Amino acid sequence: MKRLVSSIAAASALSGSLSAAEAAKPNIIFILADDMGWADLGCYGSTFYETPNLDRLAAQGLRFTAGYAACPVCSPTRASIMTGKYPVRTGVTDWIGGKKVGKMLPAPNQNHLALEEVTIAEALRDGGYTNFFAGKWHLGTDEFSPNGQGFGPGLSGSGQFYYPPRDVPPPNPKDDPKTTDRIANEAVRFIEANKDRPFFAYLPFLAVHTPIGARADLVAKYKIKQASAAPDAWGQERKSRVRLVQNHPVYAAMIEQMDAAVGRVLDALDRTGLADRTIVVFMSDNGGLSTAEGSPTSNLPLRGGKGWLYEGGIREPWIMRVPGITKPGSVCGTPVVSTDFYPTLLELAGLSLNPQQHRDGVSLVPLLKGGELKRGPLFWHYPHYGNQGGAPAGAVRADDWKLIEWYEDGSCELFNLSDDLSEKTNLAAANPGKVQELQALLAAWRKDVNALMPQPNPNYAPNGAPKKKTSDE
């Protein structure tokens with residue numbers, strides 16, 4: 001921490017524009033991709049997609065190889081970032097609007113993040129930060145919009161998406177179908193206007209969520225590149241086809257457009273002299289879409305994708321650049337989860353921790369400094385049917401062991417991630433003691449957090465036809 005404060009103070013002395021108290025507060029930029037897979041960046045192994053700016057960020061900071069989202073779909077993970085709590089504690093356990101049923105009826109799901117939660121935005125605002133928001137919220141509308149959760153006031157939008165007031169015309173939607181450039185434009189203007197005060201800028205991009213789209217020139221570029229790429233290849237995940245190759249030209253173009261927008265934000269920090277006192281965070285809200293809705297990407301070597309509790313659905317690209325603390329080009333394999341951002345950012349900002357709020361998060365500062373962090377198991381609870389083919393399930397990771405429990409029938413899968421990152425070999429039958437141990441751990445955690453469970457669906461018919469009612473029903 002002393003190195004970070006020293007770095008900020010030195011930059012402040014050069015500018016002569018910040019007070020001593022403000023000089024102790026680093027700026028924070030949090031960039032959240034939507035549905036970007038762990039293997040979608042060059043620095044994580046992609047050879048088809050081009051991400052020079054995010055690769056540059058990784059080269060300047062710390063890249064986590066076992067960074068997890070708290071849920072395999074978007075809204076719950078976003079809630080975990082905002083609150084430092086597992087989604088089950090907030091009541092947001094599925095994407096807001098999800099109502100899919102199957103053999104079971106899904107657990108209840110809140111349609112907003114409660115105002116009683118003290119978000120990371122509110123904690124930073126109350127600690128002297130000026131906040132910024134542009135992009136996808138997906139945690140409620142009206143009084144539950146980002147205006148009511150520590151951002152704004154004055155953000156306008158409807159449904160999932162909110163932006164600052166338009167003081168200049170936004171880019172042509174034809175060239176910016178995911179509002180990627182609009183978000184970058186607004187962020188750069190905010191940075192330039194607030195370079196003399198500590199700020200927290202949250203940039204939740206709409207990319208790379210479906211419907212996929214990007215500038216025509218970028219799509220044309222990747223159509224040419226596709227001609228020499230590996231042809232389509234498919235596997236099977238239960239009833240879903242799963243893409244095994246990255247070669248989709250429109251998806252690749254959408255990634256490059258978002259990467260370029262990130263680059264413009266990083267360049268703005270360099271141009272304004274703020275890079276040396278600005279923390280930059282990047283992650284995705286869940287895994288890449290590989291088993292439904294066009295299946296535009298592959299998460300290999302990880303199994304599955306968005307909507308599944310296999311690694312492809314919850315392990316994310318995760319990068320942090322903290323001036324004076326993170327060693328350029330460093331890599332960390334310690335498992336971390338999206339609840340950890342809240343206490344980490346508070347500590348880096350020199351603000352008091354609030355463990356009653358971010359109760360499921362752990363500060364990652366020791367890891368950022370190159371040290372070690374001993375933490376307990378990580379848990380997931382997804383009592384819903386995903387649009388991507390996944391069924392209600394829970395999971396726990398303890399050290400290298402990971403157990404997935406399927407709620408429809410209580411069956412379990414057990415994997416050792418150190419030996420089997422791709423989760424190809426189910427070790428449950430050979431290790432009944434470990435299954436019992438982890439299943440008990442997961443059950444105890446669900447009891448502790450008052451997890452709501454899916455219930456049998458009395459109208460379920462295996463062939464998909466509605467069950468006929470009898471006279472007693």
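Residues are numbered from 1 along each chain as its sequence is written, and side-chain values use heavy atoms, with hydrogens and water left out. Because the model is predicted, local features need pLDDT of at least 70 and side-chain atom pairs count only at pLDDT 80 or more, while totals for chains, interfaces and linings use all residues.

**Overall build**

The protein contains 13 helices and 19 strands. Helices (H or I, at least four residues) and strands (E, at least two) are DSSP runs, numbered from the N terminus. Along the principal axes, the C-alpha atoms fill a box of roughly 75 × 50 × 45 Å.

Of the 473 residues, 58% count as buried. Buried means under 20% relative accessible area, exposed means over 50%, and partly exposed lies in between (1.4 Å probe, protein chains only). The accessible surface of the protein comes to about 18,300 Å², and carbon and sulfur atoms hold 53% of that surface. Accessible areas come from the Shrake-Rupley method with a 1.4 Å probe; for residues, only the protein chains shown count as cover.

Among contacts in the protein with a separation of 6 or more, 70% are between residues 24 or more positions apart. Contact means heavy atoms within 4.5 Å.

The side chains include 49 positive and 49 negative ones, and the centres of the two sets lie 1 Å apart. Lys and Arg count as positive and Asp and Glu as negative, while His and the chain ends are not counted. Each charge is placed at NZ of Lys, CZ of Arg, CG of Asp or CD of Glu.

Helix α7 runs over residues 180-193, and its 14 residues reach 20 Å from the first C-alpha to the last, close to the expected 20 Å. The expected span of a helix is 1.5 Å times one less than its number of residues. In α7, 10 of the 14 residues are buried, among them Ile183, Val188, Phe190 and Ile191. Charged residues also belong to the buried set of α7, including Asp181, Arg182 and Glu186. The buried residues of α7 pack against β1 (27-33), β4 (130-133), β5, β7 (161-163), β8 and α9 (249-271).

Helix α11 (residues 341-348) has seven of its eight residues buried. The buried residues are Phe341, Tyr342, Pro343, Thr344, Leu345, Leu346 and Leu348. Just after α11, Gly350 has a positive phi of about 75°.

One of the elements packed against α7 is α9, and Gly263 lies in α9. Gly263 counts as buried because its relative accessibility is 2%. Gly263 and Pro52 are 211 residues apart in sequence, yet their C-alpha atoms are 8.3 Å apart in space. Leaving aside neighbours within four places in sequence, Gly263 is in contact with Asn53 and Arg56.

**Backbone geometry in loops**

Most residues other than glycine have a negative phi, and most peptide bonds are trans.

| Peptide bond | Omega |
|---|---|
| Thr210 to Pro211 | near 0° |
| Leu300 to Pro301 | near 15° |

Pro211 lies in the loop between β8 (199-204) and α8 (216-226). Pro301 lies in the loop between β11 (278-284) and α10 (311-314). Pro301 is partly exposed, with a relative accessible area of 38%. Not counting residues up to four places away in sequence, Pro301 touches Trp38, Leu421 and Ser422. Pro301 and Glu311 are 10 residues apart in sequence and 9.3 Å apart in space, C-alpha to C-alpha.

The loop between β11 and α10 also holds Ser295. Phi of Ser295 is positive, near 40°, and Ser295 is buried at a relative accessible area of 5%. His138, in the loop between β5 (135-136) and β6 (156-158), has a positive phi near 60°. His138 is buried too, with a relative accessible area of 7%.
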